[in-house]
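The points begin with the model as a whole and then turn to individual elements and residues.

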Amino acid sequence: MEDFEQVQSGKETENKTSEPANGQEVLYVGIDLGTYTIAICTNKGTKFVGYSAIAYEGEQFPQSVENENILFGKAALEQTDMEPKVPVKDFLMGNTGNQEPVKFLLQHCLKSAGIELDSGESYAIIGVPAGADITYKKSILGMARGMFTGAMVADEAFCIAYGSGRMENCLIVDIGASKLNICHINGNVPGDEDQIKISFAGENIDLELIDLIREKYEDAKITKHLARQWKEEFGYVGLSDVRCEVELPLETSSEESSITEELRLACESVVPDVVSGLTKMISDSQPDIRETLRNNIYVCGGCSKIKNVGNFIEGELKELGGGKVFLSEDPDFAVAQGARKLTERMPQEFWSQVNS
């Protein structure tokens with residue numbers, strides 16, 4: 001385990017798998033298997049992100065993924081004939097014991113990214129969310145080991161910290177689709193005691209936006225996918241010159257409407273949980289590192305792209321002692337890039353141990 005501890009702390013290690021195998025360059029892959037999107041990064045410069053959605057007829061997942069009635073990603077979300085399913089979320093939440101849809105979704109994303117796994121050695125680390133139980137981790141690991149020469153799972157927050165170089169006394173705030181996770185990183189893989197997991201996150205913003213619009217337009221017909229699109233394109237908090245004019249679907253028609261204020265209120269609904277979580281993490285830490293933590297807050301996840309969110313959180317923290325917020329420069333790939341870097345640093349001896 002000594003080699004892994006060196007990798008955890010960011011120390012350089014010699015990775016013997018970096019040598020070409022059978023004349024082929026070794027492939028290192030970092031994967032963020034998210035409930036809303038799947039992001040993939042490789043050492044060859046490949047970057048891919050796709051929606052974690054599948055649509056197919058009936059309740060049973062088809063035996064053949066070549067079935068023309070199976071749709072993946074954006075195509076699954078945008079069609080209207082079948083109910084889109086979210087296999088990663090369902091499997092993570094224990095709503096199903098069938099991991100086959102997750103497997104085929106990941107295989108589809110790898111193929112869409114142009115990644116060929118049968119031409120040489122390949123090693124992957126898959127980020128898993130805080131709170132994922134041992135059954136989920138083992139299932140994802142078993143699935144990945146069937147695809148790659150070697151595979152591991154790693155905590156998402158640790159991947160983010162490693163990829164961004166924030167390994168010492170940093171608070172990682174990951175605002176994803178289905179969860180808000182606040183994690184204290186201090187050199188090593190975080191434990192449960194280092195993290196706060198909150199269920200109010202991006203999907204709740206979407207539902208809040210739908211409710212606010214329906215209060216104003218009783219006959220509005222808005223899907224979660226449409227609300228999410230508006231949030232991703234126009235979402236903002238605090239004072240802004242954002243103006244959100246949309247074509248609002250109604251019962252029998254549609255009309256051009258402003259949802260600017262409703263969008264602001266919906267996006268701001270996640271901030272109280274962020275601030276209260278940060279306050280608790282700081283107050284529960286050792287007094288000598290509280291100031292460091294307060295000024296090293298790193299916000300990532302899809303909701304970190306909401307306009308003005310960093311400044312708004314800083315403003316809310318002023319009454320509680322202040323704080324400095326940094327935003328991920330590439331939030332879609334924060335987990336995957338960190339996982340990819342970890343994969344490249346992992347020595348061959350460790351791969352042999354964990355995959356034996």
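1. What is the mean pLDDT of the protein, and what percentage of its residues reach 70 or more? The mean is 88, and 91% of the residues reach 70 or more; pLDDT is the predictor's confidence in each residue, from 0 to 100. This is a predicted model, in which local features need pLDDT of at least 70 and side-chain atom pairs count only at pLDDT 80 or more, while totals for chains, interfaces and linings use all residues. Residues are numbered from 1 along each chain as its sequence is written, and side-chain values use heavy atoms, with hydrogens and water left out.

2. One segment calls for caution. Over residues 1-18 the pLDDT stays under 50, and the model has 45 contacts for this segment beyond four places in sequence. A contact means heavy atoms within 4.5 Å. Where pLDDT is low, the predicted coordinates should not be read in detail.

3. The overall fold comprises 14 helices and 14 strands. The radius of gyration of the protein is 21 Å, close to the 21 Å that the globule rule gives for 356 residues, so the protein is as compact as a globular protein of that length. Helices (H or I, at least four residues) and strands (E, at least two) are DSSP runs, numbered from the N terminus. The radius is taken over C-alpha atoms, and the globule rule is 2.2 Å times the number of residues to the power 0.38. Along the principal axes, the C-alpha atoms fill a box of roughly 65 × 60 × 30 Å.

4. As to burial and surface, 51% of the 356 residues count as buried. Buried means under 20% relative accessible area, exposed over 50%, and partly exposed in between (1.4 Å probe, protein chains only). The protein exposes about 16800 Å², of which carbon and sulfur atoms supply 45%; accessible areas come from the Shrake-Rupley method with a 1.4 Å probe, and for residues only the protein chains shown count as cover. Of the contacts between residues at least 6 apart in sequence, 67% join residues at least 24 apart.

5. With 13 residues at 1.5 Å a residue, helix 10 should span 18 Å, and its end C-alpha atoms are 18 Å apart, which agrees; the expected span is 1.5 Å times one less than the number of residues. The buried residues of helix 10 are V271, V274, V275, G277, L278, M281 and I282. Seen down the axis, these buried residues fall within an arc of 165 degrees, so they line one face of the helix. The arc is that of the directions from the helix axis to the C-beta atoms.

6. Helix 8 (residues 224-234) includes F234. The buried residues of helix 8 are H225, L226, A227, R228, W230, K231 and F234, and they pack against helix 2, helix 7 (202-216), strand 11 (245-249) and helix 9. F234 counts as buried at 17% relative accessibility. Beyond its neighbours within four places in sequence, F234 is in contact with V242, R243, C244, V246, L263 and K307.

7. Q79 is in the loop between helix 2 (73-78) and helix 3 (87-92), and is buried with a relative accessible area of 15%. Leaving aside neighbours within four places in sequence, Q79 is in contact with A55, L71 and P84. The C-alpha atoms of Q79 and A55, 24 residues apart along the chain, are separated by 8.5 Å.

8. Two asparagines deserve a check of backbone geometry. N169 has a positive phi of about 45 degrees although it is not a glycine, and N308 has a positive phi of about 75 degrees. Most residues other than glycine have a negative phi. N169 is in the loop between helix 6 (156-164) and strand 8 (170-175), where it is buried, with a relative accessible area of 14%. N308 is in the loop between strand 13 (297-300) and helix 12 (309-317), and counts as partly exposed at 29% relative accessibility.
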